[in-house]
Amino acid sequence: QVQLVESGGGLVQAGGSLRLSCAASGLSFSRYYMGWFRQAPGKEREFVARIRGSGGITSYADSVKGRFTISRENGKNMVYLQMNSLKPEDTAVYYCAARWTGQNEYDYWGQGTQVTVSS
């Protein structure tokens, strides 16, 4: 049974930083792209960042480029999202997701963690 469990969300002032973590289990972790998505109230879920299974190759939404960094530790089945220079518009529920290499759709999703940035 695949499980993705996010942690690290919370309340932070604008300009601050947070580090989100996602613990994965039940899958061949290094064979999955890992992604972070977010959903703000009243808005659709949007892509934030992703990282290739073996690490190294990353991709970011334009809105977070230069401020957020995605990384992973395959030996620990962990993926991280370091968020710096946070803005109120970054307020959302953040989700971790896993996608099998070669596929376009994400197969597994976590339950989400709330990030709130106050102005």
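Trainee: How much of the protein chain is buried?
Mentor: Buried residues make up 42% of the 119 residues. Buried means under 20% relative accessible area, exposed over 50%, and partly exposed in between, with a 1.4 Å probe and protein chains only.

Trainee: What should I know about the model and the numbering?
Mentor: This is a predicted model: local features need pLDDT of at least 70, side-chain atom pairs count only at pLDDT 80 or more, and totals for chains, interfaces and linings use all residues. Numbering starts from 1 along each chain as its sequence is written, and side-chain values use heavy atoms, with hydrogens and water left out.

Trainee: How many helices and strands?
Mentor: Zero helices and eleven strands. Both are DSSP runs numbered from the N terminus: helices are H or I with at least four residues, strands are E with at least two.

Trainee: Switching topic. Which cysteines does the disulfide join?
Mentor: Cys22 and Cys96, with S to S at 2.1 Å. The structure holds one disulfide, meaning a pair of cysteine sulfur atoms within 2.5 Å.

Trainee: Left-handed or right-handed?
Mentor: Left-handed, with -75° about the S-S bond. Cys22 sits in strand 3 (residues 18–25) and Cys96 in strand 9 (residues 92–100), so the link ties together parts that are 74 residues apart in sequence.

Trainee: Are those two cysteines buried or exposed?
Mentor: Cys22 is buried at 0% relative accessibility. Cys96 is buried as well, with a relative accessible area of 0%.

Trainee: And where is Gly8?
Mentor: Gly8 is in the loop between strand 1 (3–7) and strand 2 (10–13). Its relative accessibility is 35%, so Gly8 counts as partly exposed.

Trainee: What does Gly8 touch?
Mentor: Leaving out residues up to four places away in sequence, Gly8 touches Leu18, Arg19, Leu20 and Thr113. Contact means heavy atoms within 4.5 Å.

Trainee: How far is Gly8 from Val115?
Mentor: They are 8.5 Å apart in space, C-alpha to C-alpha, and 107 residues apart in sequence.
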